[in-house]
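Dear colleague,

Please find below the structure that I am handing over to you.

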Amino acid sequence: MKGWETTTLGEVLQKTDTINPLQAPQAEFDYIDVSSISNATFQIEETQRLTGKDAPSRARRLVKANDILFATVRPTLLRIAVVPDYLDGQVCSTGYFVLRPKKEIDHRFLFYWLFTEGFMGKMESLQKGASYPAVTDSIVLDSRIPLPPLAEQRRIADILDRAAAMRAK
């Protein structure tokens, strides 16, 4: 299509930060575990309030509002969600890949794209492990994404937002 290009996720994502909560043993934070995301609502439904000294070893990824969390463990279970404003600056499990889009990509467009057969089919075909299948961060980063101009991304995301709202009723 006119104005569309194809690129890798690695080209359109910002680098994200990690944290070691043990370095601030008394500091409190909300922890987003792999089980925190509902694969029915695609939202973060439950977090745990922890202190640094009580943090599990997987509590390492710092998240910001509008980041997209994608569970790399059992990826076909579709544990995918957008980080809401109230969880800005909190911590998620290393069982998630944190997608933080650069300015040329609408976070909602990216969120919806993760559900496509093109992306999920690739994740399913490349996951490794029988009892605990997973994909690596590099597999996610190397995935190709068709990218329309930003205005078109927003138009598509608006349509999909309306469809999702109708389904939720």
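The largest pocket holds about 450 Å³ of space. Fourteen residues line this pocket, and those closest to its centre are Thr41, Phe42, Phe111, Tyr112 and Ala164. A pocket is here an open set of points on a 1 Å grid over the protein atoms alone, where a 1.4 Å probe fits and protein lies on both sides within 12 Å along at least five of seven lines; lining residues have an atom within 4 Å of a point. Grid points are joined across faces, edges and corners, and a volume is the space filled by probe spheres set on the points.

The model is predicted: local features need pLDDT of at least 70 and side-chain atom pairs count only at pLDDT 80 or more, while totals for chains, interfaces and linings use all residues. Residues are numbered from 1 along each chain as its sequence is written, and side-chain values use heavy atoms, with hydrogens and water left out.

Helix H2 (107-113) and helix H5 (150-168) each give at least two residues to the lining of the largest pocket. Helices (H or I, at least four residues) and strands (E, at least two) are DSSP runs numbered from the N terminus. By class, the lining of the largest pocket comprises eight nonpolar, three polar and three charged residues. Ala, Val, Leu, Ile, Met, Phe, Trp, Tyr, Cys and Pro count as nonpolar, Asp, Glu, Lys and Arg as charged, and the others, Gly among them, as polar.

The second largest pocket has about 150 Å³ of space. Its lining includes Leu13, Lys15, Asp17, Arg61, Phe97, Val98, Asp137 and Leu141. Two or more lining residues come from each of strand E8 (96-99) and helix H4 (137-142). Four nonpolar, three polar and four charged residues make up this second lining.

**Sheet**

Three strands form an open sheet in the order E6-E5-E8, with antiparallel pairing; two strands pair if DSSP finds at least two bridges between them. Strand E6 (80-82) and E8 are the edge strands, each pairing on one side only. From one strand to the next, the twist averages 20 degrees. Strand E5 (residues 68-71) is joined to E8 by four bridges, and leucine 69 has valine 98 in E8 as its bridge partner.

**Serine 93**

Serine 93 belongs to strand E7 (residues 91-93). Its relative accessible area is 0%, so serine 93 counts as buried (under 20%). The side chains of serine 93 and arginine 58 are joined by a polar contact of 3.4 Å.

With kind regards

Methods. Axes fitted to C-alpha atoms, helices over the stretch in contact; angles between N-to-C directions. Buried < 20%, exposed > 50% of the residue type's maximum accessible area, 1.4 Å probe, protein only. Polar contact = N/O pair within 3.5 Å; in protein donor to acceptor, adjacent residues only side chain to side chain.
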